[in-house]
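These notes are meant to be read with the model open beside them. Please follow each point on the structure itself.

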Amino acid sequence: MNKRRIKKIAIIGSGIMGSGIACHFANIGIDVLLLDIVPRELNDKEKAKGLTIENKTVRNRLVNDALKASLKSKPSPIYHTSFSNRITTGNLEDDIAKVKDADWIMEVVIERLDIKKQVFEKLEKHRTPGTLITSNTSGIPIKFMSEGRSDDFQKHFCGTHFFNPARYLKLFEIIPGPKTDLSVLDFLNSYGEQFLGKTSVVAKDTPAFIGNRIGIFSIMSLFHTVRDMNLTIEEVDKLSGPVIGRPKSATFRTVDVVGLDTLVHVANGIRENCPKDERLESFKLPDFINKMIKNKWLGSKTKQGFYKKNITPNGKKEILSLDLNTLEYRTAQKAKFATLELTKNIDRVVDRFKILVKGKDKAGEFYRKSFSALFAYVTNRIPEISDELYKIDDAMKAGFGWEHGPFQIWDAIGVEKGIEMMNAEGYKPASWVNDMLASGNSSFYTVKEGATYSYTIPKKTPEKIPGQDAFIILDNIRKTTEVYKNSGVSVQDLGDGILNVEFQSKMNTIGGDVLAGLNKAIDLAEKDFSGLIVGNQGPNFSVGANIGMIFMMAAEQEYDELNMAIKYFQDTMMRMRYSSIPTISAPHGMALGGGCELSMHADKVIAAAETYIGLVEFGVGVIPGGGGSKEMTLRASDTFKKGDVQLNTLQEYFLTIGMAKVATSAYEAFDLGLLQKGKDIVVINKDRQIAVAKQHAKLMAEMGYSQPVKRKDVKVLGKQALSMFLVGTDAMEASNYISEHDHKIANKLAYVMAGGDLSEPSLVSEQYLLDLEREAFLSLCTERKTLERIQHMLKTGKPLRN
């Protein structure tokens with residue numbers, strides 16, 4: 001067993017990637033030493049202060065400025081601002097000897113082989129034998145970098161390629177050198193997955209490795225298709241975005257963010273270093289790209305690329321789009337295709353591909369051309385860049401944010417149908433694909449006993465993909481383990497006495513069917529099982545209550561029905577807390593409104609690090625009505641200390657709701673009181689989340705779980721708190737910080753969190769607060785401005801301040 005431990009890492013190079021990687025290691029609790037070069041000369045500020053080049057502030061200026069800029073960037077590279085204290089900065093002249101204490105040294109300097117080799121020569125003089133040493137190169141051959149170094153250096157050396165931004169993109173490519181020890185690869189492979197939260201992919205030492213080789217081909221091929229089909233950039237971004245499970249930035253917006261020069265650099269590198277690539281011409285830059293490079297229209301970094309922000313004479317902001325024919329900017333045009341309309345009611349992306357490639361309009365033609373080219377290309381990259389096809393899919397999903405990799409898309413269309421489509425477009429797959437079909441295997445992937453198997457070319461048979469034992473993949477087990485299902489949820493038996501409730505509504509909103517499913521799951525668990533998890537593996541845990549249902553009831557003035565619906569929500573949340581079995585919530589992505597309330601009422605939360613959680617009901621003109629207002633009052637009460645500080649504590653919890661604060665990571669949620677220290681935990685790798693939740697549910701049951709007693713000891717401050725809140729909200733409206741309706745909502749929340757207008761501080765029950773909360777929620781639903789806010793949210797997905 002490999003006993004290697006990483007306590008300290010030295011990162012050499014503090015640019016965008018170096019600082020980003022440093023922040024992510026700090027995120028997981030590692031002591032980081034970040035080093036960069038000493039400036040060659042003083043800047044004007046340093047000269048004005050009379051400093052010299054020997055001053056430490058000057059000598060560390062480059063590294064400190066780079067890290068500071070990284071920490072200020074959006075989205076943030078750090079889970080919590082305090083985590084940056086784990087990073088120590090220095091320079092390569094004064095502090096290089098400190099690398100002797102590092103367990104891992106990572107080079108992240110400029111992409112020039114000569115400079116990298118110079119850095120490695122210096123590092124070897126101070127590196128402790130046995131220490132890992134890696135390069136974050138995005139394409140320079142690993143074999144060249146370690147030439148001339150000692151055997152111990154080469155044995156512990158390889159490439160470790162993070163994708164930018166390091167916190168958010170999951171791909172972690174590991175590229176062995178000629179002498180890399182297998183134990184080093186095994187360690188990094190497991191470390192990347194378990195500790196860094198990445199999808200680790202061991203790649204071959206080929207130009208651009210796996211992710212960029214396929215990703216850049218896909219973009220470059222698309223550039224040529226765009227011209228051939230005379231498509232606009234808006235049309236391409238509409239076709240290559242969320243509809244096929246790709247990021248909202250799709251193609252051209254993504255290139256603007258990454259930088260056209262970066263894309264061109266990688267594309268040219270592939271073209272120069274892959275002379276035998278059968279699609280070499282696809283990496284040749286189209287005329288419009290060459291002209292954009294010449295004009296320095298590189299994207300966000302130069303304020304214009306394929307898109308450009310513009311201010312109209314009226315002072316309004318607008319987005320202009322580049323016309324690829326004239327190379328002039330024009331007003332953005334909306335793109336619409338009949339084929340896409342056919343997929344509007346298909347929630348699962350994987351079920352859309354068959355329909356998209358059958359389209360009879362330009363969209364259908366686009367998909368047939370682009371998928372055919374992609375399918376042919378990836379088949380010919382095996383075994384050049386990888387021996388296993390699943391690694392190509394993993395790299396594209398983790399590095400480029402694709403929901404499905406090329407071979408998964410092909411499986412969704414049908415392998416034989418895909419070949420027919422390719423033939424019609426003038427492409428042929430590599431011979432091994434036909435061999436696969438001839439051997440009786442009709443798909444690239446199969447599922448057996450909850451595990452995914454991938455076709456292996458040498459053996460001509462499916463083999464279990466390694467590393468799955470730490471995961472529970474709901475898609476793989478749902479059919480065989482489902483014990484209950486309705487239109488809103490699926491309940492699965494995870495084994496060992498643990499049930500899982502998986503929301504299946506649109507965006508996992510919580511409506512009547514989901515609440516009924518939750519109650520049924522608790523019934524089943526209390527009768528025949530030992531514990532319950534609420535978790536899913538969609539993009540988001542839950543965006544909250546079904547506000548469409550609330551709008552309809554309020555608009556029709558069906559207040560009795562609305563009162564019953566809100567009480568049903570509250571009662572279900574209380575069942576989550578006061579059932580006879582342990583309940584665990586496993587939030588990830590967005591956990592807003594009702595999704596946050598559900599998590600706050602579970603016995604334990606196993607949150608993914610990338611959880612964006614908050615009580616956002618103010619945005620639709622109401623207060624949290626599913627127990628959230630009650631729960632924040634209770635949590636404030638539990639932290640009260642003697643003296644006036646009680647009012648200040650309550651105010652902090654009040655502002656979390658009143659300002660609709662959303663944590664930008666699970667760690668921030670502890671500060672907001674939405675997660676609780678000592679009870680809730682954070683999981684870095686979301687893929688492990690359900691499995692970890694199961695372990696905790698099982699442990700809680702085995703240790704002897706007792707049903708909690710309902711609380712009747714919640715301290716509320718009455719008129720003392722209410723007066724403070726009302727003075728504050730009056731002042732904010734008078735200063736035009738909040739609208740008249742915001743003022744009304746805030747006062748309703750104040751009344752609930754003060755416990756009403758009690759004459760003195762008192763102890764009350766949770767039910768007392770729930771009744772106040774529900775009454776306030778219902779009264780706000782009678783307001784015209786609340787209905788306007790809900791309607792606006794339903795139409796645009798954005799809050800309205802009226």
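1. In helix 23, I550, M553 and A554 meet Y559, E561, L562 and A565 of helix 24, where contact means heavy atoms within 4.5 Å, and where helices (H or I, at least four residues) and strands (E, at least two) are DSSP runs numbered from the N terminus. By class, this contact of helix 23 with helix 24 has six nonpolar residues, one charged residue and no polar residues; Ala, Val, Leu, Ile, Met, Phe, Trp, Tyr, Cys and Pro count as nonpolar, Asp, Glu, Lys and Arg as charged, and the others, Gly among them, as polar.

2. Please keep in mind that this is a predicted model, in which local features need pLDDT of at least 70 and side-chain atom pairs count only at pLDDT 80 or more, while totals for chains, interfaces and linings use all residues. Residues are numbered from 1 along each chain as its sequence is written, and side-chain values use heavy atoms, with hydrogens and water left out.

3. The axes of helix 23 (residues 547-555) and helix 24 (residues 559-577) come within 8 Å and cross at roughly 150 degrees, the axes being lines fitted to C-alpha atoms, for helices over the stretch in contact, and the angles running from 0 to 180 degrees between N-to-C directions. That angle makes helix 23 roughly antiparallel to helix 24, a label for angles over 145 degrees, whereas those under 35 count as roughly parallel, 65 to 115 as roughly perpendicular and the rest as oblique. The crossing of helix 23 and helix 24 is left-handed, that is, the near helix is turned anticlockwise from the far one by less than a right angle.

4. Helix 26 (residues 628-638) is largely enclosed by the rest of the structure, because ten of its eleven residues are buried, meaning under 20% relative accessible area, with over 50% called exposed and values in between partly exposed (1.4 Å probe, protein chains only). Among the buried residues of helix 26 are K630, E631 and R635, as well as M632 and L634. The partners against which the buried residues of helix 26 pack include helix 24, helix 25 (594-601) and strand 24 (714-716).

5. Strand 12 is joined to strand 13 (residues 451-456) by four bridges, and K448 has A451 of strand 13 as its bridge partner.

6. Strand 5 (residues 132-135) is covered on both faces, with L132 and T134 on one side and I133 and S135 on the other all buried. Strand 4 (residues 104-107) and strand 5 pair in the parallel sense over four bridges, and the bridge partner of E107 in strand 5 is S135.

Terms used:
Pairing = 2+ DSSP bridges.
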